[in-house]
Amino acid sequence: MKKEQQEKKIVRILFSVWKYIVFFLLISFVVTCSMLLFFDGMDVPEEIARANSLITFVNIIFLSFIFSLLDSIRRKYKVERPLKQILDATHQITEGDFRVRIEHGDSFGGKNEFDVIIENLNKMAEELSGIETLRTDFIANVSHELKTPLSVIHSYATMLQNTELPSHKRMEYAKTITEASRRLSDLITNILKLSKLENQQIYPDTQKYNLSEQLCECLLGFENIWEKKGLEIKTDIDEDVMVKADAELLTLVWNNLFSNAMKFTEDNGKVVVALKAEDEFVLVRVSDDGCGISPEIGQHIFEKFYQGDKSHSMQGNGLGLALVKRVIDIMGGEIFVESALGRGSTFIVKLRRESSATI
């Protein structure tokens, strides 16, 4: 309805009286000036001049009609047609249909302003379509991830209301509720962090610091986990490797990588953390001998909410590696993964190195 109202306001006519008058005045002026210059100094009888002037006037009327008609046809196909396509496309976009694309017209091998506008409009529609897909997927994933721990909390809280429940069961259910609450809290925290990172609301506080010490400190934070699972922790960390980065954001990276390595390593397995300094860069490797990642899954592991191994989905929310990737991008570094099914995985982080001289 809105589109029809807008189209009613647009008047499209093939022949315009005002345009005809403009061409008539313009041709009359040009012909008059040309005749005055041509006959200047010539002795032409008045009768012949009067007769020719009438014929000339009729020709001007006819030529003005032809020119105005040709200009209207040109405008219809070269201006009004692409404009109508652009207006229709913008109307569809405002209605939420981002699938619209405009075909390019024939510009005789060249490119005019309308072609550029059409290209930009097609690109905008494509980008908006991608953003809409991401938004829809994000909402669906968030809803699913929120629903799972809430369902657990609701179910176990209901069972706790049973007055005849044994104390050991009551303690078990309370621990389950606590774990589900922690997972829910971690999910919300990670969503907020990722949102701020993607919207550039977190500005890195880059300072020169000792990366070797930071890796050791972060690794020690998982001591309880590796002792509980009986993991073998092997380190190969060069001493006093300096980087210039945001220490807090990189702590988020190491904690996520260490957490994943220990989560996907079976009991009595092995986790290796290595730091090597090269000429201008440092390489951090976090390896495990867990289940590994297939090439198909490896293409998506840095996407939000993507979880390749569903058997461990209750231990995470699929945002950790998305956060890692975004932080590494902000730091101007790179991250790779080397993995094969049944052979474990190695995550490699590449950062620019700073001189180890005293600050």
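Seven salt bridges (a side-chain nitrogen of Lys or Arg within 4 Å of a carboxyl oxygen of Asp or Glu) are found when the whole structure is searched. The structure is a predicted model, in which local features need pLDDT of at least 70 and side-chain atom pairs count only at pLDDT 80 or more, whereas totals for chains, interfaces and linings use all residues. Residues are numbered from 1 along each chain as its sequence is written, and side-chain values use heavy atoms, with hydrogens and water left out.

One of these salt bridges joins Lys-169 to Glu-172, with 3.9 Å between the closest N and O atoms. The two residues are separated by about one helical turn, because they stand three residues apart in helix α5 (residues 167–198); helices (H or I, at least four residues) and strands (E, at least two) are taken as DSSP runs and numbered from the N terminus. An α-helix has 3.6 residues a turn, so residues three or four places apart point the same way. Lys-169 is partly exposed at 31% relative accessibility, and Glu-172 is likewise partly exposed, at 40%, where buried means under 20% relative accessible area, exposed over 50%, and partly exposed in between (1.4 Å probe, protein chains only).

A further salt bridge is formed by the side chains of Lys-276 and Asp-236, at 3.2 Å from N to O. This pair links distant parts of the chain, since Lys-276 belongs to strand β4 (residues 270–277) and Asp-236 to strand β2 (residues 232–237), 40 residues apart. Both partners are partly exposed, Lys-276 at 34% relative accessibility and Asp-236 with a relative accessible area of 37%. Glu-280 forms a salt bridge with Arg-352, in which the closest N and O atoms are 3.7 Å apart. Because Glu-280 lies in the loop between β4 and β5 (281–288) and Arg-352 in strand β7 (residues 345–354), the pair ties together parts that are 72 residues apart in sequence. Glu-280 is partly exposed at 46% relative accessibility. Through salt bridges that share partners, Asp-236, Asp-238 and Lys-276 are joined into one network.

In helix α6 (residues 211–220), the buried residues include Leu-211, Ser-212, Gln-214, Leu-215, Cys-218 and Leu-219. These residues lie on the same side of α6, because they cover an arc of only 165° around the axis, the arc being that of the directions from the helix axis to the C-beta atoms. On the other side of α6, Glu-217 and Leu-220 are exposed. At the start of this helix, a side-chain oxygen of Asn-210 comes to within 2.9 Å of the backbone nitrogen of Ser-212.

Asp-246 is located in the loop between β3 (242–245) and α8 (247–263), and is buried with a relative accessible area of 7%. A polar atom of the Asp-246 side chain lies 3.2 Å from the backbone nitrogen of Leu-249. Ser-68, in helix α3 (residues 46–94), is buried at 1% relative accessibility; Ser-68 and Tyr-20 are 5.4 Å apart in space, C-alpha to C-alpha, although 48 residues apart in sequence.

Positive phi values in residues other than glycine are found at Asp-240, where phi is near 50°, and at Asn-268, where phi is near 65°.

Note on methods:
Polar contact = N/O pair within 3.5 Å; in protein donor to acceptor, adjacent residues only side chain to side chain.
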